[in-house]
Amino acid sequence: MKIIKSWGISFLIAIVASMTIRTFVAEAMIVPTGSMLPTIQINDRLIVEKIIWMDDYQFGDIVVFYPPITEKVNERYVKRLIGTPGDVIEIKNGALIRNGVKVSETYLNEPIRYEFGPITVPENKYFFLGDNRNDSFDSHSWTTPFVDKERLIGKVVLKIPTHLIDKRDLR
């Protein structure tokens with residue numbers, strides 16, 4: 001009985017610690033779509049850091065968030081942070097222009113095939129685009145293009161490519 005009680009307490013502590021880490025510190029997730037190709041492949045695993053000190057979200061970070069779309073309000077999206085509060089964002093002639101400066105985006109496969117903006121990112125809001133710009137449901141195509149600060153979940157800190165995962169784990 002003493003052993004069962006000891007193991008029971010250890011098991012309970014492990015469950016509480018695991019839930020605390022997943023809720024407040026870091027979480028693993030699988031990417032279900034190709035909106036971040038070629039940077040993130042479909043079914044890649046990501047580790048998302050949820051403790052972002054002093055609102056340390058920077059241009060270019062890959063972030064997980066809840067989108068401002070009523071019918072998808074509880075889904076998690078993974079996109080690249082393109083606009084922070086006060087930034088002016090425009091897409092023109094196949095390129096991203098941020099605060100009047102053309103941005104070199106070496107992670108894109110092809111030039112952007114649409115025009116957008118200019119638009120200024122409001123305070124406490126963010127603007128996101130997928131790296132697969134021409135096939136990504138993101139800020140440029142939403143009715144409300146900005147994500148509220150409190151809807152941000154965390155920053156991607158590690159990517160585990162699909163080809164490194166043992167396929168037996170997927171069953």
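Of the 171 residues in the protein, 38% are buried, meaning under 20% relative accessible area, with exposed set at over 50% and partly exposed in between (1.4 Å probe, protein chains only). This is a predicted model, so local features need pLDDT of at least 70 and side-chain atom pairs count only at pLDDT 80 or more, while totals for chains, interfaces and linings use all residues. Residues are numbered from 1 along each chain as its sequence is written, and side-chain values use heavy atoms, with hydrogens and water left out.

**Overall layout**
- Reading from the N terminus, the order of elements is α-β-β-β-β-β-β-β-β-β-β-β.
- Take the contacts (heavy atoms within 4.5 Å) between residues at least 6 apart in sequence: 59% of them join residues at least 24 apart.
- The accessible surface is about 10400 Å², and carbon and sulfur atoms hold 58% of it; the areas come from the Shrake-Rupley method with a 1.4 Å probe, and for residues only the protein chains shown count as cover.

**The four-stranded sheet**
- Four strands form an open sheet in the order E7-E6-E5-E8, paired antiparallel; two strands pair if DSSP finds at least two bridges between them.
- E7 (101–102) and E8 (116–120) sit at the edges with a single partner strand each, so one side of each has no neighbour in the sheet.
- E5 and E6 (residues 95–98) run antiparallel and are joined by four bridges.
- Across from Ile97 in E6 you'll find Glu90.

**The nonpolar core**
- The largest nonpolar core has 13 residues, and Ile82, Ile89, Ile91, Leu96, Tyr114, Phe127 and Leu129 have the most contacts inside it.
- Strands E5 (88–92) and E9 (125–129) each supply at least two residues of this core.
- A core here is a set of buried Ala, Val, Leu, Ile, Met, Phe, Trp, Tyr and Cys residues joined through side-chain atoms within 4.5 Å.
- Leaving out neighbours within four places in sequence, Leu96 is in contact with residues including Phe59, Ile82, Ile89, Ile91, Val101, Val103 and Ile112.

**Asn132**
- Asn132 sits in the loop between E9 and strand E10 (147–148).
- With a relative accessible area of 17%, Asn132 counts as buried.
- A polar atom of the Asn132 side chain lies 3.0 Å from the backbone oxygen of Gly34.
- Not counting residues up to four places away in sequence, Asn132 touches Gly34, Ser35, Met36 and Leu37.

Technical notes: Polar contact = N/O pair within 3.5 Å; in protein donor to acceptor, adjacent residues only side chain to side chain.
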